[in-house]
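Dear colleague,

I am handing over the structure we spoke about, and my notes on what was found in it follow below. Please read them with the structure open beside you.

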Amino acid sequence: MLYLASRSPRRTELLARLDRPFQALDLDVPEVRAAGETALDYVQRVAADKARAGLARVADDPHAVVLGSDTEVLLDGEVFGKPLDAADAAAMLRRLSGRTHQVATAVALVAAGREQGVLVVSEVSFIDLDEAAIAAYVATGEPMGKAGAYAIQGGAERYIRHLAGSYSDVMGLPLQQTEQLLLAFESKGVARV
């Protein structure tokens, strides 16, 4: 059985597009960057931590395969996680305004005695945002709970000048790479997940 170690409705929606039965697990895994940990190492570790925590939760299922994923927005080596409040969201959007940043999503698959993962990095370029646009977008509430304080699939799409990479990566789960990871996992002796 495939399990998704995520409370994200976007990830649940995206994984459903791969036409595989799965069950979502409601987990609370700490997302704190360690001292000296690079941004890309951080996103990969958090995805693996989520998958391992999920596997521990469903330890009674000997056929469990757990998918953990983490998405972060990166600018100048800094990780832009979920905003703490509206002021934090506005500050993030000001920094992203008129610039190109990276969105990194790590996907980890874990089963008894096996782990495999993939990292996908896309580049997103924002137009210049004025204070009125930032305030209006923050007022919608959409930036809350989203890495980098925006949702590409929502109102922020109007601010994106260019995307180089995977649209679903920026949403929170790169579908093409996730499908390939699942197929590779199956080909190495795990029953279809």
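How much accessible surface does the protein have, and what share of that surface belongs to carbon and sulfur atoms? In this model, which is a predicted one, the accessible surface comes to about 8,800 Å², and 53% of it belongs to carbon and sulfur atoms. Of the 193 residues, 50% count as buried.

As for the overall form, the radius of gyration is 17 Å, which agrees with the value near 16 Å that a compact globule of 193 residues would have, while the C-alpha atoms fill a box of roughly 55 × 35 × 25 Å along the principal axes. The secondary structure consists of six helices and seven strands, arranged along the sequence as β-α-β-α-β-β-α-β-β-α-β-α-α. Among contacts with a separation of 6 or more, 66% are between residues 24 or more positions apart.

A search of the whole structure for aromatic pairs finds two. In one of them, the ring centres of Phe126 and Tyr150 lie 4.9 Å apart with the planes at 70°, and because an angle over 60 degrees counts as edge-to-face, the pair is described in that way. Phe126 belongs to strand S6 and Tyr150 to the loop between helix H4 and strand S7, so the pair ties together parts that are 24 residues apart in sequence. Both Phe126 and Tyr150 are buried.

Tyr137 and Tyr159 also form an edge-to-face pair, at 5.8 Å centre to centre and 80° between the planes. Here Tyr137 in helix H4 is linked to Tyr159 in the loop between H4 and S7, 22 residues apart, and Tyr137 and Tyr159 are both buried.

With kind regards

Terms used:
Residues numbered from 1 in each chain as written. Predicted model: local features only at pLDDT ≥ 70, side-chain atom pairs only at ≥ 80, totals over all residues. Heavy atoms only, no water. Helix = DSSP H or I, 4+ residues; strand = E, 2+ residues; numbered from the N terminus. Rg over C-alpha atoms; globule rule 2.2 N^0.38 Å. Buried < 20%, exposed > 50% of the residue type's maximum accessible area, 1.4 Å probe, protein only. Contact = heavy atoms within 4.5 Å. Areas by Shrake-Rupley, 256 points an atom, 1.4 Å probe, with all protein chains shown as cover. Phe/Tyr/Trp six-rings, centres within 6.5 Å; stacked < 30°, edge-to-face > 60°.
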